[in-house]
Amino acid sequence: MADVLSFTRAATEPGCVRSSVTARIRSLESTLGVDLFERLGSRIRLTEAVNAPCRTPAG
């Protein structure tokens with residue numbers, strides 16, 4: 001999902017529907033206690049909670 005930045009596009013995978021993708025993401029966010037995506041109308045963006053662990057420390 002993060003590679004396409006769209007719940008709708010992620011749901012085009014065989015056997016997926018948009019409502020199922022959205023529900024799974026909401027459930028994961030609830031379990032983790034953080035928002036993984038910033039919802040911008042019909043678009044989404046990864047939050048700092050996702051981006052921060054992906055960075056390597058400068059040094």
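This is a predicted model: local features need pLDDT of at least 70, side-chain atom pairs count only at pLDDT 80 or more; totals for chains, interfaces and linings use all residues.
Residues are numbered from 1 along each chain as its sequence is written, and side-chain values use heavy atoms, with hydrogens and water left out.

Three helices and two strands were assigned in the chain. Helices (H or I, at least four residues) and strands (E, at least two) are DSSP runs, numbered from the N terminus. Their order along the sequence is α-α-β-β-α.

Strands β1 (residues 37-40) and β2 (residues 43-46) pair in the antiparallel sense, over four bridges. Pairing requires at least two DSSP bridges between two strands. R39 has I44 of β2 as its bridge partner. Two residues lie between the strands of this hairpin, and G41 takes a positive phi near 65°.

The largest nonpolar core holds eight residues: F7, A10, A11, V21, I25, L36, F37 and I44. Helices α1 (7-10) and α2 (18-32) each supply at least two residues of this core. Such a core is a set of buried Ala, Val, Leu, Ile, Met, Phe, Trp, Tyr and Cys residues joined through side-chain atoms within 4.5 Å. Buried means under 20% relative accessible area (1.4 Å probe, protein chains only).

Of the 59 residues in the chain, 20% are buried. The chain exposes about 4,500 Å² (Shrake-Rupley method, 1.4 Å probe). Carbon and sulfur atoms supply 54% of this area. Among contacts (heavy atoms within 4.5 Å) between residues at least 6 apart in sequence, 23% join residues at least 24 apart.

Technical notes. Buried means under 20% relative accessible area, exposed over 50%, partly exposed in between (1.4 Å probe, protein chains only).
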